[in-house]
Amino acid sequence: MKIKAQFGMVMNLDKCIGCHTCSVTCSNTWTNRPGTEYMYWNNVETKPGVGYPREWENNDERKGGWHVKDGKLQLRAGGRVSKLLNIFYNQNLVQIDEYYEPWTYDYENLINSPEKDHQPVARPISQLTGEYMDITWGPNWEDDLAGVHETGKRDPNMRNLDEQIKFEFEETFMMYLPRICEHCQNPSCVSSCPSGAMYKREEDGIVLVDQDTCRSWRFCMTGCPYKKVYFNWKTHKAEKCTFCFPRIENGQPTICSETCVGRIRYIGIVLYDADKVLEAASVEDEKDLYEAQLETFLDPFDPEIQKEARKQGIPDDWIEAAQHSPVYKLAVEQKIALPLHPEYRTMPMVWYIPPLSPFMNALGGQVDSLSPDVIFPTINQFRIPIDYLANMFAAGDSDVIRNVLEKLVAMRSYMRSVQLDKPFDKSILERAGMTEE
Ligand code: SF4
Ligand code: SF4
């Protein structure tokens, strides 16, 4: 057993209000230099939608990550095989306009305009070319413009076009998906890098780029299925979310967590068995990947694990931190947080509590003193379809989502009854596989 400590994050999606404060504070802190204008190490996507970069979940050619082929775990596009084939041309690379062409405004015209009948206009100017531009695309475009997105392509989490049309026009729903680098246990960006510049830190699992070693190959960008590596077009080096390691090393949370208006983000350390990661990532059936990843995590309360961790050099305060980790509690103990697209097989470490909303609507405004027979069937009437969430967080396994939603419904019902001092049917908790503790 090789024990490693790993930072992770859980985001509770019911609490995200889509304010983008996280993206702005991250951007102000880390991507305020020339060449980084188009980068959002943290971005927030409106779903359903095509995301940032455009179609990142939707393009099989450039999907990145891993797949099982001939019984073996192999890199998809951007990996070593593609590197050999495309040694001079990384053909699956995401292009700048798929993120968006960064712009500023013609403030000169605004500030120095002579007096006239109409207000002066600050027209958008491309930060790449310095020319005036028409803006037709940007991050989170669906939220800003609403309606059907211009590409006409579908969100891959929808199963077919009929379903998309039905949801878009008849049963509209939306949710927000904030995204950072997943700091994966099995990072395909690291494996794709021909120069050895991408690396996963031994001590805490944070994935970083060594700027001196980066040789501009950009296979990490193609190899990452979450499209969370960016290319600085001034320095010609890859850049990415650093999990705010300089802040973490000084006992502070990541800037996105500290400034999150909805308080949706929980940071913590987990201990895992690194010897189990490749085996877990290689399970044949995609639907087994979630459980396989859970199997890699170790119980920080187990004295044998503690002893072995100490022997392998994990400091005592890290073991203690793992015991108090909200990531361990929400993802491993309570099993209410789920990995984003586990089918990419990178074993991501940013997990999500899927959204319930609008729960009260489905219950006709009533949530207290209800029996399980009333509460649980309402899950089928939730506005956000279970299959949609299952395609995003459970490789299509709707039972996994249903189980999480049952727990969330049971918890909310229980807490309401405690706070309002109302009777509570304890079989609600039992049916969701929970206890009062
Ligand atoms: Fe690498 Fe982050 Fe992409 Fe995972 S999400 S493959 S760690 S860049
Ligand atoms: Fe959501 Fe928090 Fe970001 Fe606001 S700051 S968009 S609530 S994750």
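**Ground rules.** I number residues from 1 along each chain as its sequence is written, letter chains from A and number ligands from 1 in the order in which they are written. Because the model is predicted, local features need pLDDT of at least 70 and side-chain atom pairs count only at pLDDT 80 or more, while totals for chains, interfaces and linings use all residues; side-chain values use heavy atoms, with hydrogens and water left out.

**Strands.** I looked up the open sheet and found four strands in the order S12-S1-S14-S13, with mixed pairing; strands here are DSSP E runs of at least two residues and helices are H or I runs of at least four, numbered from the N terminus, and two strands pair if DSSP finds at least two bridges between them. The edges are S12 (265-273) and S13 (338-339), each of which pairs on one side only. Within the sheet, S1 (residues 3-12) and S14 (residues 350-353) run parallel and are joined by four bridges, with Ile353 as the bridge partner of Asn12.

I then turned to S3 (residues 66-69) and S4 (residues 72-75), which pair in the antiparallel sense over four bridges, His67 standing opposite Gln74. They form a hairpin with two residues between the strands, and Asp70 in the turn has a positive phi of about 50 degrees.

**Salt bridges.** I noted 13 salt bridges in the structure, each being a side-chain nitrogen of Lys or Arg within 4 Å of a carboxyl oxygen of Asp or Glu. One of them joins Lys4 and Glu202 at 3.4 Å, N to O; Lys4 lies in S1 and Glu202 in the loop between S8 (198-200) and S9 (207-209), so the pair ties together parts that are 198 residues apart in sequence. Lys4 is buried at 18% relative accessible area, whereas Glu202 is exposed at 52% (buried means under 20%, exposed over 50%, partly exposed in between, with a 1.4 Å probe and protein chains only).

For Arg310 and Asp316 I recorded a salt bridge of 2.5 Å, N to O. Salt bridges that share partners also join Glu45, Lys47, Glu57 and Arg179 into one network.

**Surface patch.** I found Tyr105, Tyr107, Leu110 and Ile111 forming a nonpolar surface patch with about 400 Å² of accessible area together; such patches take residues with over 30% relative accessible area and no salt bridge, nonpolar side chains (Val, Leu, Ile, Met, Phe, Trp, Tyr) being joined within 5 Å, and areas come from the Shrake-Rupley method with a 1.4 Å probe, only the protein chains shown counting as cover for residues. Helix H4 (residues 107-111) gives the most to this patch, with three residues, and Ile111 counts as exposed at 63% relative accessibility.

Terms used:
Patches are made of residues with over 30% relative accessible area and no salt bridge: like charges are joined within 9 Å, nonpolar side chains (Val, Leu, Ile, Met, Phe, Trp, Tyr) within 5 Å.
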